[in-house]
Amino acid sequence: MKKKTLVLGASLNPARYSNLAINRLVKHGQPTVAIGLRKGSVDGVDIETEKLPFEGVDTITLYLNAKRQKEYYDYILSLKPERVIFNPGTENPELYDLLRNNGIHFENACTLVMLSSQQY
């Protein structure tokens, strides 16, 4: 099943996990959009620097630490995703509560592992 995914905290650096995630999402045929600190493109996916009102986002996969997530709370909620994936190092109980109160599923997992094990 195709799940439009927003990679939040995307990087142009090929050594970063967010960059690998974009590559793997594309490889698995998942529609992908991305937001990061610098504009650019990874495997045909444009990395935006603004909080664009993407439509139809099913999943947000986080690559920002808890402190950096704060400025995105309202934005994440506004997209009304089905789920948010907290990759290792992004765990955030404060955001868990916000998501839970808004009926949004979340999980502490690794997008790369989920894709490679067909659990995405």
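In the predicted model, Ser18 is buried, with a relative accessible area of 3%, where buried denotes under 20% relative accessible area for a 1.4 Å probe and protein chains only. Ser18 is placed in helix α1, helices being DSSP runs (H or I) of at least four residues and strands DSSP runs (E) of at least two, numbered from the N terminus. Beyond its neighbours within four places in sequence, Ser18 is in contact (heavy atoms within 4.5 Å) with Val7, Gly9, Ala10, Ser11 and Tyr63. A polar atom of the Ser18 side chain lies 3.3 Å from the backbone oxygen of Gly9.

Residues are numbered from 1 along each chain as its sequence is written. Local features need pLDDT of at least 70 and side-chain atom pairs pLDDT 80 or more, while totals for chains, interfaces and linings use all residues, and side-chain values use heavy atoms, without hydrogens and water.

Gly9, Ser11, Arg16, Ser18 and Tyr63 lie nearest the centre of the largest pocket, which is lined by 24 residues. A pocket is an open set of points on a 1 Å grid over the protein atoms alone where a 1.4 Å probe fits, with protein on both sides within 12 Å along at least five of seven lines; lining residues have an atom within 4 Å of a point. Elements giving two or more residues to this lining are β1 (5-10), α1 (17-27) and β2 (32-36), and the largest share, 3 residues, comes from β1.

The protein as a whole has 5 helices and 7 strands. Its C-alpha atoms fill a box of roughly 35 × 30 × 25 Å along the principal axes, and buried residues make up 48% of the 120 residues.

Conventions: Buried means under 20% relative accessible area, exposed over 50%, partly exposed in between (1.4 Å probe, protein chains only). A polar contact is a pair of N or O atoms within 3.5 Å; within protein, one must be able to donate a hydrogen and the other to accept it, and residues adjacent in sequence count only if both atoms are side-chain atoms.
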